[in-house]
Amino acid sequence: MSDNFDVVIIGGGPGGYVCAIRAAQLGLSVACVEMRGALGGTCLNVGCMPSKALLHASELYAEAEHGMAKFGIKTGKVSIDIGELMTSKDDTVKGLTDGVAYLLKKNKVDYIEGRGTITGQGSVKVDLTAGGERALSAKSIVIATGSDVASLPGIDIDEKQVISSTGALSLPKVPKHMVVIGGGVIGLELGSVWKRLGAEVTVVEFMDRITPEMDGEVSKTFARILKKQGFTFKLKSKVTAVKKTKASVSVSVEPAAGGDAEQIKCDVVLVAVGRKPYTEGLGLEDAGVKMTERGQVEIDDHFQTNIKGIYAIGDVVRGAMLAHKAEDEGTAVAEIIAGFAGHVNYDAIPGVIYTMPEVASVGKTEEALKAAGTDYVVGKFPFTANSRAKANRQTDGFVKILSCAATDKVLGAHIIGADAGNMIAELTLAVEKGITAEDLAYTCHAHPTETEAVREAAMATDGRAVHM
Ligand code: NAI
């Protein structure tokens, strides 16, 4: 067993393991150090994948309870066994994380289980999970340690009554009332899971709208749809204290601008106010690696830190905390280390919220284009005018395309709709490759599919949508 590698990657999440495989494909000798006991990082273990398993199952439950009758399907009383739901979710996670271990083995990556610390340029010490230490040397080191839950001052996450996204993926029973702090992606996805399973859900959001970074029109429509589903929103509000008793939790909510506090009683509080880069115990300070003011590892345009041969990617560096952004950076840095021109186009990274309907976007929002003084054209097409959405009785939402007034290139696209997460792929390609709205309008789209709404929105940028 050699301890000398071309590349040692610390972290086996979507950034780290993809980087490991790509580097191995390019002929480099690679080790991937991971301390969790399973590969796949937050995404596979306590993030994207378990949440999608619960979102899918809770969607089926809600459909069986309320959604099927309109098609004449009679289900009788529907019930759910939370224990079995959790076992099914855990099986999904195990299958996926084992799958990554298989991929590393197949690509001859040395998977080292333990906590990695950088002990100098080109050297990593691993405290092995099985006991003992291993000293590795590497021509290049890639930090891919991801992120951790951020909390609020004075709020102690116990993962029972006051939970993070991790606790929200393993609740033993459906809470009667869940208060969610933060109307962002995690709050709305996991709030949706427990809402569908029967909880009352109140979301407290500091800003004047949920998902504040999103295109304003989409965010407004999204809030209206979620309210119709029974969500309660307290906007422009902040939580100042959380008091626990054995039986319940009391949450003090104040107007963001200050004023009288209101007490909301609930049985569970979900803290979903963002995540922070995870760099604990990595030895960065001793190694002299420069950090940003926000606690991220500082990198140059080629993912290299201020120390030659030490690179960083994913949630631990600047940019969106998204698994697919980390994967792209993992690929790019492996290619750079192997002597190629790795590159990530940050203008063409899609974002998806997996609620029902889903919300997906890529490129610029209308607000960003206005702020930049760019002349743009809007093309919009509602799912109420799309035949497949009508047949499926899933007509909430629309496709909105923003194209450049001068060149017709697609600058941004925003979809709120049942299948938005899949549909955004075509528009991501458009932004990535500089495709015009006219190109999309003249591309044949299969009928009957929701993707026809993309074509119609592209046509609408030129006032020639056919079905509206
Ligand atoms: P987020 O940044 O999406 O949302 C946090 C929300 O909390 C914001 O709306 C913010 O205004 C609000 N907030 C902050 N402090 C507050 C306070 N004191 N009181 C009330 N509201 C407050 O963060 P979230 O949802 O925790 O997600 C963390 C990261 O994980 C994000 O980067 C997200 O993109 C990523 N993620 C992505 C998913 C996806 O792609 N589907 C799924 C889950 C997470």
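These notes cover the domains, the contact between two of them, the salt bridges and the aromatic rings.

1. Basis. This is a predicted model, in which local features need pLDDT of at least 70, side-chain atom pairs count only at pLDDT 80 or more, and totals for chains, interfaces and linings use all residues. Numbering runs from 1 along each chain as its sequence is written, and side-chain values use heavy atoms, with hydrogens and water left out.

2. Domains. The protein splits into domain 1 (4-148 + 276-344), domain 2 (162-273) and domain 3 (348-460). These bounds come from an automatic or database domain assignment. The C-alpha centres of domain 1 and domain 2 are 28 Å apart.

3. Domain 1 against domain 2. Contact (heavy atoms within 4.5 Å) involves 17 residues of domain 1 and 15 residues of domain 2. The buried area between them is about 1200 Å², with 68% from carbon and sulfur atoms. Buried area here is the accessible area (1.4 Å probe) that two parts lose on being put together, summed over both. On the domain 1 side, Val46, Leu55 and Ile82 lose the most area to domain 2; together they give 36% of what that side buries.

4. Polar links across this interface. Two salt bridges are counted between domain 1 and domain 2. A salt bridge needs a side-chain nitrogen of Lys or Arg within 4 Å of a carboxyl oxygen of Asp or Glu. Five residue pairs are in polar contact, both residues at pLDDT 80 or more. A polar contact is a pair of N or O atoms within 3.5 Å; within protein, one must be able to donate a hydrogen and the other to accept it, and residues adjacent in sequence count only if both atoms are side-chain atoms.

5. Salt bridges overall. The structure holds 20 salt bridges. Among them is Lys52 with Glu189, closest N and O atoms 3.1 Å apart. Asp127 and Lys125 form another, at 3.6 Å from N to O. Asp127 is partly exposed at 30% relative accessible area, and Lys125 is partly exposed at 25%. The cut-offs are under 20% for buried, over 50% for exposed and partly exposed in between (1.4 Å probe, protein chains only).

6. Lys380. This residue pairs with Glu217 in a salt bridge, closest N and O atoms 2.4 Å apart. Lys380 also lies over the face of Phe398, 4.6 Å from the ring centre. The rule asks for NZ of Lys or CZ of Arg within 6 Å of the ring centre and within 35 degrees of the ring normal. Arg464 has its charged end over the ring of Tyr442, 5.0 Å from the centre.
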